[in-house]
Structures are given as C-alpha cells and as structure tokens.
Amino acid sequence: MSMEYRVTGSSLRRVPYLLIPVVAVVLLVQVSIYDPNGHTVTSLTAFSLLGAWIAVIGVRGWRSATLLASARKVTVRTLAWTFSWRWEQIEGFTAETRPVAWRYLPMIRSRRQVLGIRLREGRVSWLSELTCRPAADGQSWVDISAARLNELRQMHRPPPGGS
C-alpha cells in the first residue's frame, strides 16, 4: 500500500527564506566585484563559501515547516534539523493552542494552534513551525492535519499482542 501525506506551513512565512538569501548573495557579489583591494583568492573564496552557506540556508528554510508521513515513517523538517519517527514509536497526533516564540524575537510569544506528535515513551514533540492562529470556529488546518494523521496512525497500529 502506497501512502504519503504532507503537511506544510504557510508559504508566506517561508518566502523570506528565499528572498533574503537572494538579496544577500547579490550584495556579496557586488562587494566582491567592487572590492578596492581587487579580487584576491582569499576574498573570492570567503565570498563563495558565504554565498554557498546562504544559499543552503535559503533552500533549507523554504523546505522547512514540513511534515511528511510515508508508509514507513513520519519525517519533520525544521530550519536546522530533520527528525524521523517510525510509526511504531508514535502514539498519536494532537493539536493544542500554546504560546510559541516569534521567529526573530524569541522573547515575545503568541498563542498559536500547534501540531504535536505524542510518542509512546510519553513525550509530546511540539512542531513549533507547523502552527496557525486558533480558528474562530474551532477547526484550523492544524486540527484537520492532526485528525488525518491520527487516521493514518490507526492504519499502522501493531496487531494485538505485538510490540
């Protein structure tokens, strides 16, 4: 049975990860072209490495805020890390309104509907990049995603007497 389900955060929240690196790379190129000391191997190497790093962060940022549920496992991509859990490790999925730190001002927190993965070990892994404002009618895309993921989890329940 082939199954794949994808949950992705808002594109508007991910656009800066594409735009900022493009602007930064253009500025690096401008600085390297108009360097008063000329094009030295050191400056070209440094600007090339910095440009490559910025490009990687841009691509990684665009692909972040994504949950992929396949037949074997659930994978979550964040800006810095990718986490995977086998279905056997997952008890279920939940959505809850929680305080979430702002991306650029972490000391400020706002109440957001957050998707979470309840693990069999008793811990809940909150996916702070997969959030939205709490819906007025009580049914946000985070709630819908948690319900659909719980349906998929039911398909992967171990048989009675199994681990």
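How closely do the axes of α1 and helix α2 come, and at what angle do they cross? That is where I'd start with this one, and here are my notes. Keep in mind throughout that this is a predicted model.

1. **The helix pair.** The axes of α1 and α2 come within 8 Å and cross at roughly 170°. Angles over 145 degrees count as roughly antiparallel, and α1 and α2 are therefore roughly antiparallel to each other. For orientation, α1 covers residues 11-33 and α2 covers residues 41-63.

2. **What sits between those helices.** From α1, the residues in the contact are S11, R14, V15, Y17, L18, P21, A24, V25, L28, V31 and S32. On the α2 side they meet F47, L50, G51, I54, G58, G61 and W62. Sorted by class, the contact has twelve nonpolar, five polar and one charged residues.

3. **R13, also in α1.** R13 belongs to helix α1. Buried or partly exposed? R13 has a relative accessible area of 32%, so it goes down as partly exposed, since buried means under 20% and exposed over 50%. Its C-alpha atom is separated by 9.3 Å from that of A65, although R13 and A65 are 52 residues apart along the chain.

4. **The four-stranded sheet.** Which order do the strands take in the open sheet of four? The order is β1-β2-β3-β4, with antiparallel pairing. β1 and β4 (82-86) are the edge strands, each pairing on one side only. Ignoring direction, neighbouring strands here are turned by 10° against each other on average.

5. **Walking across that sheet.** β1 and β2 are antiparallel and share five bridges; if you want a landmark, T8 stands opposite T66 in β2. Next along, β2 and β3 pair over four bridges, again in the antiparallel sense, and here L68 faces T75 in β3. β3 and β4 then pair over five bridges, antiparallel as well, with F83 in β4 as the bridge partner of V76.

6. **The turns, and β3 itself.** How many residues lie between β2 and β3 in their hairpin? There are two residues between them, while the hairpin joining β3 to β4 goes through four residues. β3 is mostly covered, with four of its five residues buried.

7. **The three-stranded sheet.** A separate point for the open sheet with the order β5-β6-β7, where the pairing is antiparallel. β5 and β7 are its edge strands, each pairing on one side only. On average, and with direction ignored, neighbouring strands of this sheet are turned by 30° against each other. Eleven bridges join β5 to β6, and A101 stands opposite R109 in β6.

8. **α3 over the strands.** Which strands does α3 lie across? They are β5, β6 and β7, and α3 runs at about 165° to β5.

9. **The largest nonpolar core.** Nonpolar side chains tend to be buried together in soluble globular proteins. In this model the largest nonpolar core has 22 residues, and L67, L115, I117 and L149 touch the most other members. The elements giving two or more residues to this core are β1 (4-8), β2 (66-70), β3 (73-77), β5 (90-101), β6 (109-119), β7 (124-132) and α3 (141-155). α3 gives the most to this core, with four residues.

10. **L67 up close.** What does L67 touch, leaving aside neighbours within four places in sequence? Its contacts are Y5, R6, V7, V74, T75, V76, L115, I117, L127, L130 and L149.

11. **S140.** This serine is in the loop between β7 and α3. Buried or exposed? The relative accessible area of S140 is 6%, so S140 counts as buried, the cut-off being under 20%. Leaving aside neighbours within four places in sequence, S140 is in contact with Q113, C132, R133 and A135.

Key. Residues are numbered from 1 along each chain as its sequence is written. This is a predicted model: local features need pLDDT of at least 70, side-chain atom pairs count only at pLDDT 80 or more; totals for chains, interfaces and linings use all residues. Side-chain values use heavy atoms; hydrogens and water are left out. A nonpolar core is a set of buried Ala, Val, Leu, Ile, Met, Phe, Trp, Tyr and Cys residues joined through side-chain atoms within 4.5 Å. Buried means under 20% relative accessible area, exposed over 50%, partly exposed in between (1.4 Å probe, protein chains only). Contact means heavy atoms within 4.5 Å. Two strands pair if DSSP finds at least two bridges between them. Axes are lines fitted to C-alpha atoms, for helices over the stretch in contact, and angles run from 0 to 180 degrees between N-to-C directions. Angles under 35 degrees count as roughly parallel, over 145 as roughly antiparallel, 65 to 115 as roughly perpendicular and the rest as oblique. Ala, Val, Leu, Ile, Met, Phe, Trp, Tyr, Cys and Pro count as nonpolar, Asp, Glu, Lys and Arg as charged, and the others, Gly among them, as polar.
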